[in-house]
Amino acid sequence: MTSLDPLLDKDGVRLTVDDAVATVTLTNPAKRNAQSPALWRALTEAGRAVPGTVRVVVLRGEGKSFSAGLDRQAFAPEGFDGEPSFLDMARGPESGLDATIAEYQEAFTWWRRNDIVSIAAVQGHAIGAGFQLALACDLRIAAEDVQFAMRETSLGLVPDLTGTHPLVHLVGYARALEICATGRFVLAPEAERTGLANLVVPADQLDAATEDLAAALLAAPRDAVIETKALLRGAVSRTYEEQRAAERAAQGRRLRDLAGLTD
C-alpha cells in the first residue's frame with residue numbers, strides 16, 4: 001500500500017505511507033515542533049491509522065529541531081484554545097488528573113508495538129517531551145547537531161510521558177538520574193557512546209541514513225522480526241532460565257511456520 005496523500009494531517013502531525021514504511025512528521029517548525037495536548041491526540045490517532053501492512057514507522061520533525069518540548073502555553077492561565085490549562089487541571093480531582101496524563105501518554109506508547117519497528121530521526125533540539133518522544137521509538141538516528149535534554153525536573157516537574165523507563169534501560173540509573181536532575185544537554189558523541197543514539201550522522205545525511213536503516217529492517221521476514229522484537233523486549237523482566245524458555249518457544253513457532261505446520 002502506497003499513499004502519497006497523507007492519511008492524517010492535523011494539529012502539527014502528518015502521517016504518510018509508502019508501501020511498508022509509514023512516516024509520522026511533526027509539522028510546526030516555526031515553533032520548533034513544540035508539543036500540546038492536541039498534538040498528542042493526533043499522534044495517538046496516527047498510531048491507530050497506521051495500516052497493518054506497515055512494518056517500519058519513521059518519526060521525524062520538520063525544520064531545524066526535532067521537538068523543543070512542551071509548548072509553555074500549557075502553563076499559562078488561559079491554556080490553549082479549547083483546552084484547560086495544566087494549572088486548572090491540577091486544581092481538579094486527582095483521579096481526573098491521572099486519567100488525563102494517562103491519555104497524553106498514549107501518544108508515546110504505540111511506537112513499541114511488536115508488529116512495527118519505529119525509528120526516530122532526530123536533529124537539533126529534542127528537549128523534555130521531545131526527548132521522551134524520541135525515547136518512545138525503538139531506534140534513534142541522530143544528526144551531529146542533536147541536543148537531548150530532560151528539562152522537566154528543572155521546572156519543578158517530573159518526566160511523565162513514558163521516557164523514564166527507556167532512559168534508565170539505555171544509560172543506567174545513575175546517568176539517567178544525573179541527566180534528569182541537572183537538565184543538561186546530551187550532545188551527539190555522548191548519545192552515541194551511551195546508546196541513546198544507534199547512529200550519528202551529519203545533518204544533511206539524516207534522511208538517507210534513516211532510509212537505509214528502514215530498508216535493512218525490511219530485508220528480514222516480518223514474522224521473524226516480530227518474534228525477535230518481542231523476545232528482546234521481554235528479556236529485561238525475565239530470568240536467564242525464563243529467557244531460555246522464551247527463546248525455545250519462539251524458535252518452535254518459527255520452525256513450525258517455516259515447515260508449513262501452522263494454520
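Here is a short chat about the predicted model shown above.

User: Hi! What kind of model is this, and how are residues numbered?

Analyst: It is a predicted model, where local features need pLDDT of at least 70, side-chain atom pairs count only at pLDDT 80 or more, and totals for chains, interfaces and linings use all residues. Residues are numbered from 1 along each chain as its sequence is written, and side-chain values use heavy atoms, with hydrogens and water left out.

User: Great. How many helices and strands does the chain have?

Analyst: There are 10 helices and 10 strands, taken as DSSP runs numbered from the N terminus (helices are H or I with at least four residues, strands are E with at least two).

User: And how compact is the chain?

Analyst: Its radius of gyration is 19 Å, close to the 18 Å that the globule rule gives for 263 residues, so the chain is as compact as a globular protein of that length. That radius is taken over C-alpha atoms, and the rule is 2.2 Å times the number of residues to the power 0.38. The C-alpha trace spans about 65 × 45 × 40 Å along its principal axes.

User: What share of the residues is buried?

Analyst: Of the 263 residues, 45% count as buried. Buried means under 20% relative accessible area, exposed over 50%, and partly exposed in between (1.4 Å probe, protein chains only).

User: New topic: how do α9 and α10 cross?

Analyst: The axes of α9 (residues 222-235) and α10 (residues 240-258) come within 10 Å and cross at roughly 170 degrees. That makes α9 roughly antiparallel to α10. Axes are lines fitted to C-alpha atoms, for helices over the stretch in contact, with angles from 0 to 180 degrees between N-to-C directions; under 35 degrees counts as roughly parallel, over 145 as roughly antiparallel, 65 to 115 as roughly perpendicular and the rest as oblique.

User: Which residues make that contact?

Analyst: On α9, they include Asp223, Glu227 and Leu231; on α10, Gln243, Glu247 and Arg253 are among them. Contact means heavy atoms within 4.5 Å.

User: Nice. Is Gln132 buried or exposed?

Analyst: Gln132 is buried, at a relative accessible area of 0%, and is found in helix α4 (residues 129-136). Leaving aside residues up to four places away in sequence, Gln132 touches Phe108, Met150 and Glu152, among others.

User: Then where is Glu78?

Analyst: Glu78 is in the loop between β4 (56-61) and α2 (86-90). Glu78 is exposed, with a relative accessible area of 56%.
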